[in-house]
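Take a look at the structure first, then join us below.

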Amino acid sequence: MRLAMSISATPTRFAAMALQSNLEENISKVMQAGFDAVELSIRDPALIDQGNLEALLDRYNASVTAIGTGQAYLEEGISFTHEDASIRARALERVKSQVDLAARLGAKVIIGLIRGKYGGGVSEKKALEWLVESLQRCAGYAKDRGVELVLEPINRYETNLLNTVGECIRVIQAAGVSNLFVLPDTFHMNIEERNIITAIKDAGRYIGYFHAADSNRWAPGFGHLDFLKILQALRDTGYAGVVAVEIIPRPDPDTAVRQAAAFLREILGSRKD
């Protein structure tokens with residue numbers, strides 16, 4: 001498995017982003033800590049210099065494993081399930097632009113908070129209908145560009161739509177597309193799943209990406225989750241992809257990054273080549 005660290009290209013209100021703003025400095029920190037790659041959270045690809053990004057990646061021998069899209073929801077309020085059709089259309093176009101960047105970088109695209117939620121004038125049934133339709137359209141666009149999408153279950157305190165791995169898999173099945181997978185995240189699973197190990201094993205072939213954060217959203221090893229068992233269960237499914245770290249900057253950003261890399265490499269019994 002490859003290890004990646006989630007960083008943000010710009011300042012963000014999203015708490016679980018240990019490194020943000022100074023892109024060059026943070027890419028350097030991640031690679032020096034012993035990660036294989038970066039996961040990059042980008043609210044709007046139009047706001048970054050993509051040529052400069054590629055130059056920085058080359059400079060530090062880094063690659064991008066996935067593009068995070070949730071900041072578009074947090075900072076702008078756009079989502080696939082908003083009651084305003086024009087806002088739903090903006091969300092669709094934004095994800096398409098993120099797919100274009102992902103195709104350029106050889107990365108996946110994460111569908112997290114941008115899916116939105118239900119409530120007010122939007123029923124859960126209607127939200128799910130809009131979500132499936134949007135996923136089908138995004139997946140079709142992405143497939144033409146060789147990009148996979150990964151749908152992340154998120155805990156109930158952040159959204160009321162798709163909290164568990166099983167709920168995401170049912171939506172993936174309803175969408176019926178070949179390039180849409182699930183993204184289990186250990187922090188969210190600790191809140192929502194009856195049993196983390198069982199949820200991973202049941203997900204099996206649907207797993208397309210994986211997020212690691214401890215029970216308190218600190219770096220792995222700073223909480224109470226048993227990552228030895230968790231990562232073994234992930235291996236048992238046949239998954240051999242990326243384990244990406246998405247954590248809060250505690251006790252401080254640099255310590256968090258070093259802890260995550262050292263702890264996970266020890267468990268995986270691997271070194272960065």
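At what angle do the axes of helix α9 and helix α10 cross? The axes of α9 (residues 227–236) and α10 (residues 253–268) cross at roughly 60° and come within 10 Å. This is a predicted model, where local features need pLDDT of at least 70, side-chain atom pairs count only at pLDDT 80 or more, and totals for chains, interfaces and linings use all residues. Residues are numbered from 1 along each chain as its sequence is written, and side-chain values use heavy atoms, leaving out hydrogens and water.

**Helix packing**
- On the α9 side, F227, L228, L231 and R235 make the contact (heavy atoms within 4.5 Å), and on the α10 side F263, L264, I267 and L268 do.

**Salt bridges**
- The structure holds 15 salt bridges (a side-chain nitrogen of Lys or Arg within 4 Å of a carboxyl oxygen of Asp or Glu).
- E25 and K29 form one at 3.2 Å, N to O; they sit four residues apart in helix α1 (residues 23–33), separated by about one helical turn.
- R94 pairs with E76, with the closest N and O atoms 2.7 Å apart, and this links helix α4 (residues 85–105) to helix α3 (residues 71–76).
- R94 is buried at 10% relative accessible area, while E76 is partly exposed at 26% (buried is under 20%, exposed over 50%, partly exposed in between, with a 1.4 Å probe and protein chains only).
- R43, D44, E76, R90 and R94 are linked in a salt-bridge network.

How values were computed. Axes fitted to C-alpha atoms, helices over the stretch in contact; angles between N-to-C directions. Helix = DSSP H or I, 4+ residues; strand = E, 2+ residues; numbered from the N terminus.
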